[in-house]
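Please keep the sequence and the model in view while reading.

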Amino acid sequence: MFVAVVSDVSTDDHRLAVQRLLVQYGFNKVMKDLYESTSITDTALTRLKRDIDRATDFYDTIRLYQYPSQDTLVISSLKENKWRRLVVRTE
């Protein structure tokens, strides 16, 4: 599964914490605040979301793009301490 992570965090401490987590989970830095992975599992992605939730606060925004996840594009976003999920199905 391909996963891209885009982060927009409020402080440098949060940015560093998120960067460390992403590198720990095997993501490669593509650009500033943009990371990609082609080898992460669903279980690891669930743990990563939980860890990111702990490392961020109300003012931080994180967006994960997953493809393919059951032949769909899944966009998960953390905004105002809540995860939201958008599923785009292909026909």
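## Exposure and the basis of the model

A residue is called exposed when its relative accessible area is over 50%, buried when that area is under 20%, and partly exposed in between. R85 has a relative accessibility of 58%, and R85 therefore counts as exposed. The structure discussed here is a predicted model.

R85 belongs to strand β6. The C-alpha atoms of R85 and T11 are separated by 25 Å, and the two residues are 74 apart along the chain.

Strand β3 covers residues 34-37. In β3, Y35 and S37 make up the covered face, whereas L34 and E36 make up the uncovered one.

Strand β1, residues 2-8, runs antiparallel to β3 and is joined to it by four bridges. Within this pairing, A4 has E36 as its bridge partner. Strand β2, residues 28-31, also pairs with β3 in the antiparallel sense, here over three bridges. K29 is the residue whose bridge partner in β3 is Y35. β2 and β3 form a hairpin, with two residues between them.

Most residues other than glycine have a negative phi, and most peptide bonds are trans. D33, in the turn of the hairpin, has a positive phi near 65 degrees and is not a glycine. Is D33 buried or exposed? Its relative accessibility is 10%, and D33 therefore counts as buried.

N81 is another residue other than glycine with a positive phi, about 65 degrees. N81 is located in the loop between β5 and β6, the latter spanning residues 82-89. N81 is partly exposed because its relative accessible area is 40%.

The peptide bond from Y67 to P68 is cis, and its omega is near -15 degrees. P68 is found in the loop that lies between β4, residues 61-67, and β5.

## Salt bridges

How many salt bridges does a search of the whole structure find? The search finds three. As a general principle, side chains of opposite charge can pair when their charged atoms come close.

D12 and R15 meet through their side chains in a salt bridge with an N to O distance of 3.3 Å. Both residues lie in helix α1, residues 12-24, and they are three residues apart, about one turn of the helix. D12 has a relative accessible area of 60% and is therefore exposed. R15 also forms a salt bridge with D33, in which the closest N and O atoms are 3.0 Å apart. This pair links distant parts of the chain, since R15 is in helix α1 and D33 is in the loop between β2 and β3, 18 residues apart.

R54 is exposed because its relative accessible area is 63%.

How values were computed
Residues are numbered from 1 along each chain as its sequence is written. This is a predicted model: local features need pLDDT of at least 70, side-chain atom pairs count only at pLDDT 80 or more; totals for chains, interfaces and linings use all residues. Side-chain values use heavy atoms; hydrogens and water are left out. Buried means under 20% relative accessible area, exposed over 50%, partly exposed in between (1.4 Å probe, protein chains only). Two strands pair if DSSP finds at least two bridges between them. A salt bridge is a side-chain nitrogen of Lys or Arg within 4 Å of a carboxyl oxygen of Asp or Glu.
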